[in-house]
Amino acid sequence: MKIKQISVFIENMEGRLYEVIKLIGDNNINIRALSLADTSDFGILRLILDKPDKGYSILKDNNITVGSTEVVAVEVPDIPGGLATVLDALNKGCINVEYMYAFIERSGDCAIMIFRFDDIDKALQVLEKYNIVTITGEKLYKL
């Protein structure tokens with residue numbers, strides 16, 4: 001299942017991250033997961049929002065540099081070696097992982113990994129072949 005991820009390019013300056021996050025919250029949009037990576041000049045804030053289309057529009061309308069990307073959410077057993085099992089399947093399927101980040105479900109039984117692949121359709125086929133559970137956007141947005 002493909003999930004919409006919002007990517008925001010943020011200048012590396014005091015208060016800029018706060019402005020973006022406040023704008024999202026002020027518009028009644030909930031953040032389900034996030035990742036922030038930076039360089040000396042800018043950061044890339046990757047967001048999974050409960051209302052991704054609304055979030056994208058709000059950010060764009062406020063002159064914030066924003067993009068939308070398809071990613072995959074995968075349930076990973078929250079045990080030692082759980083992620084290695086998923087990566088082993090991807091390795092066997094010759095799937096390249098561009099980046100990933102994680103969060104824990106409230107139940108604590110599974111971690112959820114957000115993956116960006118260079119070939120998302122092939123990755124989904126491999127995950128299905130190895131019985132690795134992917135999560136729909138509808139379910140993820142409600143967690």
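1. In this predicted model, the side chains of Arg16 and Glu19 meet in a salt bridge, with an N to O distance of 2.8 Å. Both residues lie in helix α1 (residues 16-26), and because they are three residues apart, about one helical turn separates them. Arg16 counts as buried at 17% relative accessibility, whereas Glu19 is partly exposed, with a relative accessible area of 42%.

2. A search of the whole structure finds nine salt bridges. One of them joins the side chains of Asp53 and Lys4 at 2.5 Å, N to O. This pair links distant parts of the chain: Asp53 belongs to helix α2 (residues 52-61) and Lys4 to strand β1, 49 residues apart. Asp53 is partly exposed at 48% relative accessibility, and Lys4 is partly exposed with a relative accessible area of 34%.

3. Lys139 and Glu75 also form a salt bridge through their side chains, at 3.3 Å from N to O. Here too the pair links distant parts of the chain, with Lys139 in helix α5 (residues 137-142) and Glu75 in strand β4, 64 residues apart. Lys139 counts as partly exposed at 39% relative accessibility. Glu75 is buried, because its relative accessible area of 18% falls under the 20% limit for that class.

4. The surroundings of Glu75 deserve a separate remark. Glu75 is found in strand β4, which covers residues 66-77. Leaving aside residues up to four places away in sequence, Glu75 touches Glu105, Cys110, Ala111, Ile132, Val133, Ile135 and Lys139.

5. Gln5 lies in strand β1 (residues 2-11) and is buried, with a relative accessible area of 0%. The side chain of Gln5 makes a polar contact of 2.8 Å with the side chain of Tyr101. Beyond residues up to four places away in sequence, Gln5 touches several others, among them Arg46, Leu47, Ile48, Tyr99 and Ile114.

6. Strands β2 (residues 31-38) and β3 (residues 42-49) run antiparallel and are joined by seven bridges. A hairpin of three residues connects β2 to β3. Within this pairing, Ile31 has Leu49 in β3 as its bridge partner.

7. How many disulfides does the count give? The count comes to zero.

8. Lys2, Glu70 and Asp121 are linked in a network of salt bridges.

Note on methods
Residues are numbered from 1 along each chain as its sequence is written. This is a predicted model: local features need pLDDT of at least 70, side-chain atom pairs count only at pLDDT 80 or more; totals for chains, interfaces and linings use all residues. Side-chain values use heavy atoms; hydrogens and water are left out. Helices (H or I, at least four residues) and strands (E, at least two) are DSSP runs, numbered from the N terminus. Buried means under 20% relative accessible area, exposed over 50%, partly exposed in between (1.4 Å probe, protein chains only). Contact means heavy atoms within 4.5 Å. A polar contact is a pair of N or O atoms within 3.5 Å; within protein, one must be able to donate a hydrogen and the other to accept it, and residues adjacent in sequence count only if both atoms are side-chain atoms. A disulfide is a pair of cysteine sulfur atoms within 2.5 Å. Two strands pair if DSSP finds at least two bridges between them. A salt bridge is a side-chain nitrogen of Lys or Arg within 4 Å of a carboxyl oxygen of Asp or Glu.
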